[in-house]
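Hi,

Here is the structure I said I would pass on to you.

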Amino acid sequence: MSNRLEELDSLRGIASLTVVIHHTLLTLPIFLAAHQHEQINSTIVKIFTNSPLHIIWGGHEAVILFFVLSGFVLSLPFLKGNSVYYPFYIYKRFCRIYIPYIVSILISGLLFIYLNDKNAHSFSDWFNNMWSDPITIKTVLDYTLMLSYDTHNLNTVTWSLVHEMRISLFFPFLLIPIIKYDWKKSLPLCMFITLSLWVITLNISLLISNEFLFRFIYSYSYTFYYSSFFVIGAVFGKYYNTIKSLYKRADIKVKSFLALVSILLYSCEWALPGLGKLKYSTLENPLNINIFNTLIDFLIALSVLMLFTISLSSHRFQIVLKN
C-alpha cells in the first residue's frame, strides 16, 4: 500500500490550475490593475477580485501553498527516522526540479527566438515586458545556474522553482532542530534563523550598486524568506497525526468554522478591505521590509495548514480530492 498522500496531490493540482488562470488573466490590463489594487470600473472583475472568489485566480497564494507543502512532504522521511542519504536526496530533487526547469527554459528560449515578432498592444505591460530583452551569454548563465536574474523575461513562472531548488540544498539542516526539539523551541528558532538571514541579505543587497550582484543577492534573500514556509510545513509534518486526531474529535460547528476561517485567510489580501493596498505601500521602516506583505503571506500559510488538516482528516473531503 502506498504511503503517498493523494489528497495533497489533488490540492497541488488545483493550486497549479489557479496559477495558470492567474497568469492568463494578468495578460489583460484590467486584471493586472485589479491585481495591483488599482481602481477599476468593471463590477464583475471587482467581484472576482475583492472577495474569496479570488481563490480561483490566486496565483501568489498557491505558491505559498506549494512552499508549505514542500516543507511538509520533504520532512516526512526525516521525521519518520528513515535513513536519508544526502547526495541521493539532492539527486532526487535535481531530477524533480532542475530538469523540468531547464527543459521549460529551453522551450521558452526557442519560442522566444521563433515567435518574438509580436503585436500585443492590447495586452498588459506585465505581459509585454516578457521577451523584451535579448538572450545573452549572461542570461544563459543566469538560467543555467538558477541565479534568478532574468526569469520574468523568458519564463516568468520559473522564479518559484529557483527558490525550491535552492531551499532543497539546505532544508535537511533546518530539520535538525525540528526533529530534536518540540515545536515551542524549534519553530521560533528556525523562523528566527530564516527570517534573520532574509533581512540581513536583503539589506546587504540594497547597499550594492552593481545591478547584477544586487539582483543576485536580493533574490537569495528571498530564498531565505520562502524557506520559512518550508519550516512551517515541516513542523506541521511532525504533529499532523496529533492535529488530525484533534480535528476528528471536534464537533461540526468547529469544523465548519475552521473551513470558513481557512477560506477567509487564504484570500485575506482581497477579502479584508484595505489590507491589499497596504501590501503595495512604501512605508519606511528600519528593516526595509514590507510588514503588510509578510503578514499576508503568513496568514495564507496559516490557512494552508487549516486546509491540510481538513484534507487529511475529513473522510468526505478526501473522497472528493482522491477522485
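**Helices that cross**

The axes of H9 and H11 cross at roughly 50° and come within 8 Å. That makes H9 oblique to H11, and the crossing of the two is right-handed. Before you go on, keep in mind that this is a predicted model.

Who makes the contact? On the H9 side you'll find Trp159, His163, Glu164, Arg166, Ile167, Phe170, Phe171, Leu174, Leu175, Ile178 and Ile179. On the H11 side, the residues include Tyr220, Tyr222, Phe224, Tyr226, Phe230, Val231, Ala234 and Lys238. Sorted by class, the contact of H9 with H11 has 16 nonpolar, four polar and three charged residues.

Now turn to H4, which covers residues 59-79, and look at how it meets H11, residues 211-249. Their axes come within 7 Å and cross at roughly 50°. H4 is therefore oblique to H11, and this crossing is right-handed. From H4, the contact involves His60, Ile64, Phe67, Val68, Ser70, Gly71, Phe72, Leu74, Ser75, Leu76 and Leu79. From H11 come Tyr226, Phe229, Phe230, Gly233, Ala234, Phe236, Gly237, Lys238 and Tyr240. By class, the contact of H4 with H11 splits into 13 nonpolar, six polar and one charged.

There is also a pair towards the other end of the numbering. H15 and H16 (residues 315-322) pack with their axes 6 Å apart, at an angle of about 90°. That makes H15 roughly perpendicular to H16. H15 brings Leu307, Ile310, Ser311, Leu312 and Ser313 to the contact, and H16 brings His315, Phe317, Gln318 and Leu321. The contact of H15 with H16 has five nonpolar residues, four polar ones and no charged ones.

**The nonpolar cores**

Which residues have the most contacts inside the largest nonpolar core? They are Leu65, Phe171, Phe229 and Phe308, in a core of 53 residues. H1 (6-26), H4, H5 (86-115), H9 (159-180), H10 (183-205), H11 and H15 (291-313) each supply at least two residues of this core.

If you leave aside its neighbours within four places in sequence, phenylalanine 171 is in contact with Gly71, Leu74, Ser75, Tyr89, Phe230, Val231 and Ala234. A second, separate core has 22 residues, among them Ala33, Tyr98, Tyr101 and Trp126.

**A few single residues to look up**

Start with glycine 59, which sits in H4. Is glycine 59 buried or exposed? Its relative accessible area is 4%, and the cut-off for buried is under 20%, so glycine 59 counts as buried. Not counting residues up to four places away in sequence, glycine 59 touches Thr18, Val19 and His22. Glycine 59 and histidine 22 are 37 residues apart along the chain, but their C-alpha atoms are separated by 5.3 Å.

Serine 160 is in H9. With a relative accessible area of 13%, serine 160 is buried too. Beyond residues up to four places away in sequence, serine 160 touches Val63 and Phe67.

For a contrast, go to leucine 295 in H15. Leucine 295 has a relative accessible area of 41%, so it is partly exposed. Leucine 295 and cysteine 268 are 27 residues apart in sequence, and C-alpha to C-alpha they are 9.9 Å apart in space.

**Two positive phi angles**

Last, two loop residues. Histidine 37 has a phi near 60°, which is a positive value in a residue other than glycine. You'll find histidine 37 in the loop between H2 (29-35) and H3 (43-49). Its relative accessibility is 14%, so histidine 37 counts as buried.

Where is tryptophan 131? Tryptophan 131 lies in the loop between H6 (125-128) and H7 (137-145). Tryptophan 131 is not a glycine either, yet its phi is positive, at about 55°.

Cheers

Note on methods: Residues are numbered from 1 along each chain as its sequence is written. This is a predicted model: local features need pLDDT of at least 70, side-chain atom pairs count only at pLDDT 80 or more; totals for chains, interfaces and linings use all residues. Side-chain values use heavy atoms; hydrogens and water are left out. Axes are lines fitted to C-alpha atoms, for helices over the stretch in contact, and angles run from 0 to 180 degrees between N-to-C directions. Helices (H or I, at least four residues) and strands (E, at least two) are DSSP runs, numbered from the N terminus. Angles under 35 degrees count as roughly parallel, over 145 as roughly antiparallel, 65 to 115 as roughly perpendicular and the rest as oblique. A crossing is left-handed if the near helix is turned anticlockwise from the far one by less than a right angle, and right-handed if clockwise. Contact means heavy atoms within 4.5 Å. Ala, Val, Leu, Ile, Met, Phe, Trp, Tyr, Cys and Pro count as nonpolar, Asp, Glu, Lys and Arg as charged, and the others, Gly among them, as polar. A nonpolar core is a set of buried Ala, Val, Leu, Ile, Met, Phe, Trp, Tyr and Cys residues joined through side-chain atoms within 4.5 Å. Buried means under 20% relative accessible area, exposed over 50%, partly exposed in between (1.4 Å probe, protein chains only).
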